[in-house]
Amino acid sequence: MAPDVDTFAETDLNGVFERALNVNPFLDNRVNGPSKDGADVEGIHQAAFEQLTGLATEALATKRGIGAMLWGEAGVGKSHLLARLARWSAADRATFVYLHNLQAAPDQLPRSLLRAVVAALTRGRASGYYGTPLSKLVHAGLIEAIRPNLGRHPWDYLQRAWNAFVDRLPDEHPGQAGADRHAYEVLFRFYYSAYRVRNPYADGSRREDGAVARQAVQWLSGAALEPDEARSLGLPPAVPRDEPVALADAEQIKHVLVALARLAAAGRQPFVLAFDQVDNLDTDQASALARFLEAVIDAAPNLLVVTAGVRATLFHWRQTGVIQHSSWDRLAQFEVALQRVNGTEAGALVRARLEDFFRPYEALGGLRQRRQHDEYFPLGRSWYARQLRDKTDLRPRDVISLAREAWRGEQERLRSAGVGAWLNDEPAIAVAATELSAIIEDDREPSPEVLDRVLDDRIAQLCMPQSPPAPQSGDDDDLAELLRTVLVQCRDAGHRYGVTDVERVRPVPQNARPLYDFSVVLRPTPDARPTRVGVLVIAATHATTVATALRHLTEELPLVDRFVLVTLEWIGLPLGAAGKSYLSMIQSHFGDRFQDVELSHKEYLYLDALRETAKQARSNDLEIEIAPGKGNYVGEDAVIASHHRRDRYRGSRVLRRLLGTPAVPEVETLAAISSAGQP
């Protein structure tokens, strides 16, 4: 028998009541990145997890690079497994970097990857680097460099020991030679600067302001430095000598990643790069990423690269040559396949979510007794027996979706019957029950109205207010690719927006920064003259980086009808004297054909939501409920058609500027429906 409701204090009852009414612990059936919290069932996919941790340990022990392909169907738990791997690593077992949704143009993907890695290792900070994972990597290298003479030493001794340590690397691993020495020199100076900011006057010298550490992070991230800044890091000058200094190409970028992996080995930790949802990449992006990772795996000691995605897409890329055979042999040296779960495992998933939900109230004796009486409360053991217990072929995502619908039914019962009946009576199975077969077998297409409503809600959820990211240099490539991808959707949506072509600008020579990012060809009517719009995105905190981009553009001003400069509101456009001069030249050349647009964080999230929903559909990862508990996947074309139908593209100010179109009343309606709040 269930415990009597009187065993609860009234205030405690109110807390349980309000939380159960307003929070559905099964609402989220996706993981978008690792977190310290979250319900996890270690027994599920445990063999796959142990295979990955074993490969990480092997990479460290054998001092080599290893590739593992983690694949399975959508919703089977790949991202959850990577989140578990991140938590395992956080206990000082590995240096783990989670990479998701890399969206730079193919030529710029290596630099974008490096920037994401360094941002993760510095925790996205603009200063205060001591104690970050990056500083800990260098500290581990210093310990190895001075061993066996451990203890306190002056910095000149540490510098000599560090140089000797770097001298030994080519003998230890033939892939580490030449250009990578510069990476080690910059890493040492980064640590010295970061340490002295945290410990001023530690060596009796003047106080350190951290400028050298910031410049080191800039260079390690692939950004350009002024010649005097490069000299402070011990870097050779560019040619000509007054040019900014940066990592020149993918080969030098590779050397930085190799150095990071080697320093992780000094700390007895494998270096793990986990790429999630790679099937969301365009084919040219996937091809470029695979080629670069092949080179990194070949060169790096102590590296595990985990590539996760939907098996059908990855295998298709292999069959069609998107991923070359040599790259596949490296990335998929070990295949880790995730299977569906059985009823026992499904029950453990549900119980884990329930335990996480009720944890704040675990001290309440009455509730504890109620949950001991029925571990599936409030869904009920009868619900579990009917829906899950005897099943043998379940996707974890479907399990969570079933529990979500059951919880919604319990919320309705709570509203109508009150908390007393809710706590004392058996769950109303008839209200909440939905058959799993209905989810799997219902092949009806959702109506346009249902699809539009669901996508409105999905976009609003993706645009939930967040703190703007810390200013961080170098997001130009990702932002440019975001804009380009959404404009390609506008092209594919039909003639309404007049977009006939969207072209990336190819860099010359290869691996260089292109003059600008892409161009859009607009033709509002078939008999109208085409208009070409050039777009340059600058997202940099460093005036040198901005000046370099603008100077590069002035050297060969593009032959376009209009030119648009896009920046980020939370970063701005830092301009030194040189940058102001270059910008003035560009503005004078284009006159009133020049526009500048500052993208707010809210609008950035909105554009990313337009892209993300279409990419989820492309990888067969977007399920739309036709009725409670009944759903089917929709394709990318259907999502783009919905964006077009709801006029979501013109809900973005920057897209309206690029397309040369005014806002429309429907957009205001959309802004009211969603919380995107577009200007």
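This is a predicted model: local features need pLDDT of at least 70, side-chain atom pairs count only at pLDDT 80 or more; totals for chains, interfaces and linings use all residues.
Residues are numbered from 1 along each chain as its sequence is written, and side-chain values use heavy atoms, with hydrogens and water left out.

Q: How many salt bridges does the structure hold?
A: Side chains of opposite charge can pair when their charged atoms come close. A salt bridge is taken here as a side-chain nitrogen of Lys or Arg within 4 Å of a carboxyl oxygen of Asp or Glu. By that criterion, the number of salt bridges in the structure is 36.

Q: How far apart are the closest N and O atoms of Arg181 and Asp167?
A: Arg181 and Asp167 form a salt bridge. Arg181 belongs to helix H7 (residues 180-198) and Asp167 to helix H6, so the pair ties together parts that are 14 residues apart in sequence. Arg181 counts as partly exposed at 35% relative accessibility, and Asp167 counts as partly exposed at 47%, where buried means under 20% relative accessible area, exposed over 50% and partly exposed in between (1.4 Å probe, protein chains only). The distance between the closest N and O atoms is 2.8 Å.

Q: Are Arg611 and Asp608 buried or exposed?
A: Arg611 and Asp608 form a salt bridge whose closest N and O atoms are 2.5 Å apart. Both residues lie in helix H24 (residues 601-618), 3 residues apart, which is about one turn of the helix. As for their accessibility, Arg611 and Asp608 are both buried.

Q: What is the angle between the planes of Tyr191 and Tyr195?
A: Rings of Phe, Tyr and Trp (its six-membered ring) pair if their centres lie within 6.5 Å, and planes under 30 degrees apart count as stacked, over 60 as edge-to-face and the rest as tilted. By this rule the count comes to 23 aromatic pairs. Among them, Tyr191 and Tyr195 form a stacked pair at 6.2 Å centre to centre, with an angle between the planes of 25°.

Q: What is the relative accessible area of Tyr191?
A: Tyr191 and Tyr195 are 4 residues apart in helix H7, and they are therefore separated by about one helical turn. Tyr195 is buried, with a relative accessible area of 17%. Tyr191 is buried as well, and its relative accessible area is 4%.

Q: Which residue forms an aromatic pair with Phe357?
A: The pair is edge-to-face, at 4.9 Å centre to centre and 70° between the planes. Phe357 lies in helix H14 (residues 343-358) and its partner in helix H17 (residues 396-424), so the pair ties together parts that are 50 residues apart in sequence. Both residues are buried, and the partner of Phe357 is Trp407.

Q: What distance separates the C-alpha atoms of Ala104 and Leu479?
A: Ala104 lies in the loop between strand E2 (95-100) and helix H4 (109-121), and Ala104 is buried, with a relative accessible area of 0%. Ala104 and Leu479 are 375 residues apart along the chain, while their C-alpha atoms are separated by 7.6 Å.

Q: Which residue is joined to Pro378 by a cis peptide bond?
A: Most residues other than glycine have a negative phi, and most peptide bonds are trans. Pro378 lies in the loop between helix H15 (365-373) and helix H16 (381-387). The cis peptide bond has an omega of about 5°, and the residue joined to Pro378 is Phe377.

Q: What is the phi of His45?
A: His45 is found in the loop between helix H1 (10-22) and helix H2 (46-62). His45 is buried, with a relative accessible area of 14%. Although His45 is not a glycine, its phi is positive, at about 55°.

Technical notes
Helices (H or I, at least four residues) and strands (E, at least two) are DSSP runs, numbered from the N terminus.
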